[in-house]
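Q: I am new to this structure and would like to learn how to read it, one feature at a time. Could we go through it together?

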Amino acid sequence: MTPLIEAPSERLLAGIKSLLASKGIATAEEIAERMAQTDRASPAQGARMVARAWTDPEYRALLLRDGAQAAEAMGIAMRGLPPLGVLENTDDTHNLVVCTLCSCYPRAVLGYPPFWFKSPGYRARAIRDPRGVLAEFGTVLPAGQRIRVVDSTADYRWMVLPQRPVGTDGWDADRLAALLREGDMIGVTVPSAA
Amino acid sequence: MTPSEPTDTSERPRAHHDMGGVPKFLCEPIDTGAHALTPFDREVDAIRGILGAKGVMSVDELRRGIEAIPEAEYARLSYYQRWIRSIADNLLARGVISDAELRAALEQA
Amino acid sequence: MLAPGAPVRVRDDWPETRGPCHIRTPHYLRGRRGTVVRQLGAFPNPEDLAFARPAPTLALYHVAFEPRSIWPDAGGDEIVVELYESWLEAA
């Protein structure tokens, strides 16, 4: 006989939902509330943090010292969530984040992990062939910039602090935040004002 | 002392979820497009969050359950299909639900 | 406690050959030499948490590796990974 957990996924979900509801562990209302809460986290959160770091040196220092505190300072609830580490891109070094074992992602500040981040191709290749992976995202780094790949294997979650694009002098934080995409904060792309 | 010479450990038995640098995926192009989550995906994600917040099942137990899925099934199932299977596996293992309860619930589902 | 800059070696151990387990030290790093970047705090051992067992707290370190010491064809310049003290030995 087929083990119960090999039931078709939609039916398995329906069965689990009905059992969790009848046991008072997770009601339909709680599930709906949780989904709404999860949907509030998006790359726009991380973008606000990065843009503030570009315009406020004290905030930048806080962000690099303690990402979770820096997120809290922007009104993002981090209590009970994994610590957030922030990797600073410089003229010398570009950072790229991968989770080769599963899909650890800084969800509190970037939302759900994108499809590519969870894919076997990304998980296998980013650690060994980062320049090849970046090329598929249309990203070419300046000659001489080193690549540091951070494999997110344990209790931290990691985001990248990109370099502020040239041509953005005088821009305010809102305008800067609008430049940023989720990939910029994982390191597969770099922001540009062009 | 010079750094250790590269030694080939790639032939050692490897768990299939442990993918860093694995040759069979090195030629796989990356689908960089956006894929919207389905209602199924979002519900499974939410249930996992609630079970974690309430101390019913940790993220580590979720991962263990995902890693226990046989390789061919792991490759065939979507991301959140693996999650719901691991959740069911863990709830049974912890005695939060019983085989009989799950069987009955699946018949009605 | 390991200081930043300390040379370390990841244990040459393959628990997946001994039965059901859950480990957060990637296959590609076993037996490899690296350098401690810094300690990241201390956390309950996920190898126990995964089986709902009592989990002792372990120091967690960021450790840097030379990619070409792992794969001769590696394209990056540095690999940095979170590793628990139980997986590290002095090198």
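Predicted model: local features only at pLDDT ≥ 70, side-chain atom pairs only at ≥ 80, totals over all residues.

Q: How many salt bridges does the rule find across the interface of chain C and chain B?
A: The rule finds one salt bridge there, and it is formed by Asp18(B) with Arg30(C), whose closest N and O atoms are 3.7 Å apart. On the side of chain C that touches chain B, the residues fall by class into eleven nonpolar, five polar and seven charged.

Q: How is the size of an interface expressed?
A: The size of an interface is often given as the accessible area that is lost when the parts come together. For chain C and chain B, the two bury about 1800 Å² between them, with 54% of it on carbon and sulfur atoms, and the contact involves 23 residues of chain C and 20 residues of chain B.

Q: What do chain A and chain B bury between them?
A: Chain A and chain B bury about 4700 Å² between them, and 68% of it lies on carbon and sulfur atoms. In chain A, the residues that lose the most area to chain B are Leu4(A), Ile5(A) and Leu13(A), which together make up 13% of what that side buries. As for residues in contact, chain A contributes 50 and chain B contributes 52.

Q: Which polar features join chain A to chain B?
A: Between chain A and chain B there are five salt bridges, and 17 residue pairs are in polar contact, both residues being at pLDDT 80 or more. A salt bridge links Arg107(A) and Asp45(B), whose side chains meet at 2.7 Å, N to O.

Q: Which helices of chain A supply at least two residues each to the side that touches chain B?
A: They are α1 (9–22), α2 (28–39), α7 (120–125) and α8 (130–136) of chain A. Of these, α1(A) gives the most to that side, with twelve residues. By class, the residues on the side of chain A that touches chain B divide into 27 nonpolar, eight polar and 15 charged.

Q: What is the secondary structure of chain A, taken by itself?
A: Chain A has nine helices and four strands, which follow the pattern α-α-α-α-α-β-β-α-α-α-β-β-α along the sequence. Its C-alpha trace spans about 60 × 35 × 30 Å along the principal axes.

Q: Which parts of chain A does the pair Arg60(A) and Glu88(A) link?
A: Arg60(A) and Glu88(A) form a salt bridge, with their closest N and O atoms 3.0 Å apart. The pair links distant parts of the chain, since Arg60(A) lies in helix α4 (residues 57–65) and Glu88(A) in strand β1 (residues 84–88), 28 residues apart. Over all chains, the count of salt bridges comes to 28.

Q: How should I read a sheet?
A: Strands of a sheet pair through backbone hydrogen bonds, and they do so either parallel or antiparallel. Here, an open sheet of seven strands with mixed pairing has the order β2(A)-β3(A)-β4(C)-β3(C)-β2(C)-β1(C)-β5(C). The edge strands, each pairing on one side only, are β2 (93–98) of chain A and β5 (88–90) of chain C, and the twist averages 35° from one strand to the next.

Q: How many bridges join β1 of chain C to β5(C)?
A: Three bridges join β1 (residues 7–10) of chain C to β5(C), and the two strands run antiparallel. Within this pairing, Val10(C) has Leu88(C) in β5(C) as its bridge partner.

Notes
Residues numbered from 1 in each chain as written. Chains lettered and ligands numbered in written order. Heavy atoms only, no water. Contact = heavy atoms within 4.5 Å. Buried area = accessible area lost by both parts, 1.4 Å probe. Salt bridge = Lys/Arg side-chain N within 4 Å of Asp/Glu carboxyl O. Polar contact = N/O pair within 3.5 Å; in protein donor to acceptor, adjacent residues only side chain to side chain. Nonpolar A, V, L, I, M, F, W, Y, C, P; charged D, E, K, R; others polar. Pairing = 2+ DSSP bridges. Axes fitted to C-alpha atoms, helices over the stretch in contact; angles between N-to-C directions.
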